[in-house]
Amino acid sequence: MEPKDQMNGAEQTDEMEATEQTKGIEHTLLEDLRSKITNDFPLLSSVSYEIKYVDESLQDYLSPAFYLTPAIDSYTDNVIYINPASGYSGLELYTTLAHEGYPGHLYQSVYFASQSPDLLRFLLDVGGYTEGWATYVEMYAYSLYDGDDADGTEAALGRLNRSFTLGIASLLDIGIHYRGYTSGEVSEFLARLGFSESTADVLYEAILESPANYLQYYVGCLNFWSLRDRLEESVDGFSLKKFHQAVLETGPAPFAILEEQCLKKLS
């Protein structure tokens, strides 16, 4: 699931017209992602997926996009929902589809299920792995975007902005739920960074109702970056594709176990 960007959302104007223009392009973007990731990610067996749109009655309450985990006996049939209220297009839509589709949730879920793991593992929820991976590959997808960004400046700035906003939200998550930050303290902190009071209020309420939600995305992503860097230094013949394959074959697991298994697979 793509977390709401509360730091931008509070400032957005109505972008429904732009969203209507992008409807139907999602399949093209997903196929573009699927073809471009083959150098750094293992091949995935044939998968069907459907793009659906969030009903108007629910658009104000749901994330910009989300992937529906399929039944364990029908894992090749997948659904991704797009929330038109988000107004995503261009780079934002592209990286969101990377998060939810290829090489994000759809890809990781189908790859894991295709190995016929013990059924018990489908009941275990390891949010840092699942959402951390989706955020990690979302960041990777910025480097794949073509669009009108000839020199890659838009993508580079977009990636940095995404990392910055998730980092701030994660820091505030700890501050609110561990240190007891009040709404006023959050507002004062964000004001120093140029955010309005209304944006601070929206973010405070979002974090308050979902403890540790942002942490599984961003801290999970940071752990994947750190794990990749450590293995690149310690494993002879390291390649990004082999690393990703080891991660996907291990499947959802705490990072200590994931590192142990990746070392075994790559050594």
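Tyr 136 has a relative accessible area of 3% and therefore counts as buried, where buried means under 20%, exposed over 50% and partly exposed in between, using a 1.4 Å probe and protein chains only. The model described here is predicted, so local features need pLDDT of at least 70 and side-chain atom pairs count only at pLDDT 80 or more, while totals for chains, interfaces and linings use all residues. Residues are numbered from 1 along each chain as its sequence is written, and side-chain values use heavy atoms, with hydrogens and water left out.

Across the whole structure, a search finds 15 aromatic pairs; rings of Phe, Tyr and Trp (its six-membered ring) pair if their centres lie within 6.5 Å, and planes under 30 degrees apart count as stacked, over 60 as edge-to-face and the rest as tilted. Helices here are DSSP runs (H or I, at least four residues), as strands are (E, at least two), numbered from the N terminus. Both Trp 133 and Tyr 136 are buried.

Charged side chains come next. Nine salt bridges are found in a search of the whole structure, each being a side-chain nitrogen of Lys or Arg within 4 Å of a carboxyl oxygen of Asp or Glu. In one of them, the side chains of Arg 34 and Glu 31 meet with N to O at 2.8 Å. Both residues lie in helix α3 (residues 26-36), three residues apart, or about one turn of the helix. Arg 34 is partly exposed at 27% relative accessibility, and Glu 31 is partly exposed with a relative accessible area of 27%.

Helix α3 also holds Asp 32 and Lys 36, four residues apart and again about one turn of the helix. Their salt bridge has its closest N and O atoms 3.1 Å apart. Asp 32 is partly exposed at 24%, as is Lys 36 at 22%. A network of salt bridges links Asp 32, Lys 36 and Asp 146.

Arg 230 and Glu 259 form another salt bridge, with 2.7 Å between the closest N and O atoms. This pair links distant parts of the chain, 29 residues apart: Arg 230 is in helix α10 (residues 213-234) and Glu 259 in helix α12 (residues 255-266). Arg 230 is partly exposed at 37%, and Glu 259 is partly exposed at 22%.

Finally, helix α8 (residues 183-191) has Val 186, Ser 187 and Leu 190 as its buried residues. Seen down the axis of α8, these buried residues fall within an arc of 100°, so they line one face of the helix; the arc is that of the directions from the helix axis to the C-beta atoms.
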